[in-house]
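The following exercises concern a single protein model. Please work through each task before reading its solution.

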Amino acid sequence: MKFFSKGLGSLGILLVLAFLLVACSNSETGSKDETEGTNDKKADKSSDEEVTIVYARNVDSTGAIDLVIEAFEKKFPNINVKYREMPADSGQTHDQYVTAFSAQSSEIDVFNADVIWPAEFGQADYALELDRFIERDNIDMDAYFPGTVASGKYNGKQWAMPNYTDAGVLYYRSDIVEEPPETWDELIEMAAKYQGEKGTEFGYIMQAAQYEGLICNAIEYIASYGGQIIDENNNVLADSPETVKAIKKMKEVVNSDFVPDNILNFKEVETETAYIEGNSVFARNWPYMQASAADEERSKIIGNSKITTLPSGSEGSSSSLGGWMAMINRYSEHPEEAWEFVKFLTGPEGQKITAIHGGRAPTLKALYDDPEVKEASALFANPEFKKVLENAVSRPVTPIYQEISDIMQIELSRALTGEQTPEEAAKNMQTKIEEAVND
Ligand code: GLC
């Protein structure tokens, strides 16, 4: 079996090199009365009274979220869920949440949160601690991948429940390419060679716009060359020959003739559209695009798309760890009903629908043995994929993550556009992130 058969040995090394920053999770300082800010009238378990809750979530091009809501409402006829669509760009969704929650708005009850936010939102008191619900309802947190639970934990409290997990993967057109590339250099060679076949316009597409997705793509290059930005002891290690080498390789890809001229505007949506319309031989994206590529109504490449691990640098292949969590607004007027929805969404029923119809990787380990999930996705049926998830490189769990990301976004973009050299980008990230961390 070819999928994921390469590069995995070196992923062990990458685990050690992981882009980690350990939050001060033992301290209880700053803990709050758990009911503060919530409406005590609703503190009892959901009654028969009809309640409408608002679930905010960024655009779901697969439509799976509608099916989850439908299934939930069928099971809980007294709770209506109104879906509020947020922007596809994670950073824009973040900013809208911050505006709403810092004003203590109760408009949104449940919201999906990128794995990089629970620490910030927990510290800012935007969210409700979920521990009391988890204990009361005996939710088995060991049933989830430990890394996904850890992303929702900060200051000793669980702020978020893992909904689905993400790891960067390489999509390729199986009607054009027989054996996918093993290394970035092979990808560069093959993308140039096959560009134009079967009507493709591009050899390769990825996320290179100045936003959060750029960080995920960059981390993959950096880790694949043995670099890291911050280690587990909070040391900033951005200015290294490995990081410079990685930025150079990324720049080579972005400046090549086989990517779209506007690759610096590409996010997930642009990648998905171009790929499923049959315009690119290779694409880097998250697992959800498998559902889009198989969607009879939208895809022009049905049956002609496969997935493998991302290309290796000198130290192996590496994927960024992404994913989304479910959180409850601290000021929700319906915390019980909100929790009921979170429990369903992140429990086996909700995650199964999300995996089968949305192509999203479950955070519940057992779902990888579920026959229907395996049937729906060759990726999830492949045991090697679980290893990719377990070895994927995380972004730091810290309330100042956004600040770190903003620094990286600016410095990396300036390197990709040629406004500064990769060496300068690495130096600037070093100085500025150090300042942010030590502030
Ligand atoms: C995906 C990942 C998320 C990441 C984002 C970047 O949605 O799940 O963690 O931040 O992409 O665009």
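**Exercise 1.** Leaving aside its neighbours within four places in sequence, with which residues is Asp 166 in contact?

*Solution.* The model is a predicted one. Begin by placing the residue: Asp 166 belongs to strand S6, which spans residues 161-167. Next, set aside the neighbours within four places in sequence; the contacts of Asp 166 are then Trp 286, Pro 287, Ser 320, Leu 321, Gly 322, Gly 323, Trp 324 and Leu 389.

**Exercise 2.** Determine whether Asp 166 is buried or exposed, and identify the nearest side chain of opposite charge.

*Solution.* Asp 166 is buried. The nearest side chain of opposite charge is that of Arg 360, 5.2 Å away. A salt bridge requires a side-chain nitrogen of Lys or Arg within 4 Å of a carboxyl oxygen of Asp or Glu. Asp 166 has no salt bridge.

**Exercise 3.** Classify the packing of helices H8 and H9.

*Solution.* Helix H8 covers residues 212-224 and helix H9 residues 241-254. Their axes lie 8 Å apart, at an angle of about 120 degrees. H8 is therefore oblique to H9. The crossing of H8 past H9 is right-handed. On the H8 side, the contact involves Leu 214, Asn 217, Ala 218, Tyr 221 and Ile 222; H9 contributes Thr 243, Ala 246, Lys 249, Met 250 and Val 253.

**Exercise 4.** State how many helices and strands the protein has, and what percentage of its residues count as buried.

*Solution.* The protein has 18 helices and 14 strands. Of its 439 residues, 59% count as buried. As for contacts between residues at least 6 apart in sequence, 78% join residues at least 24 apart.

Key. Residues are numbered from 1 along each chain as its sequence is written. This is a predicted model: local features need pLDDT of at least 70, side-chain atom pairs count only at pLDDT 80 or more; totals for chains, interfaces and linings use all residues. Side-chain values use heavy atoms; hydrogens and water are left out. Helices (H or I, at least four residues) and strands (E, at least two) are DSSP runs, numbered from the N terminus. Buried means under 20% relative accessible area, exposed over 50%, partly exposed in between (1.4 Å probe, protein chains only). Lys and Arg count as positive and Asp and Glu as negative; His and the chain ends are not counted. Contact means heavy atoms within 4.5 Å. Axes are lines fitted to C-alpha atoms, for helices over the stretch in contact, and angles run from 0 to 180 degrees between N-to-C directions. Angles under 35 degrees count as roughly parallel, over 145 as roughly antiparallel, 65 to 115 as roughly perpendicular and the rest as oblique. A crossing is left-handed if the near helix is turned anticlockwise from the far one by less than a right angle, and right-handed if clockwise.
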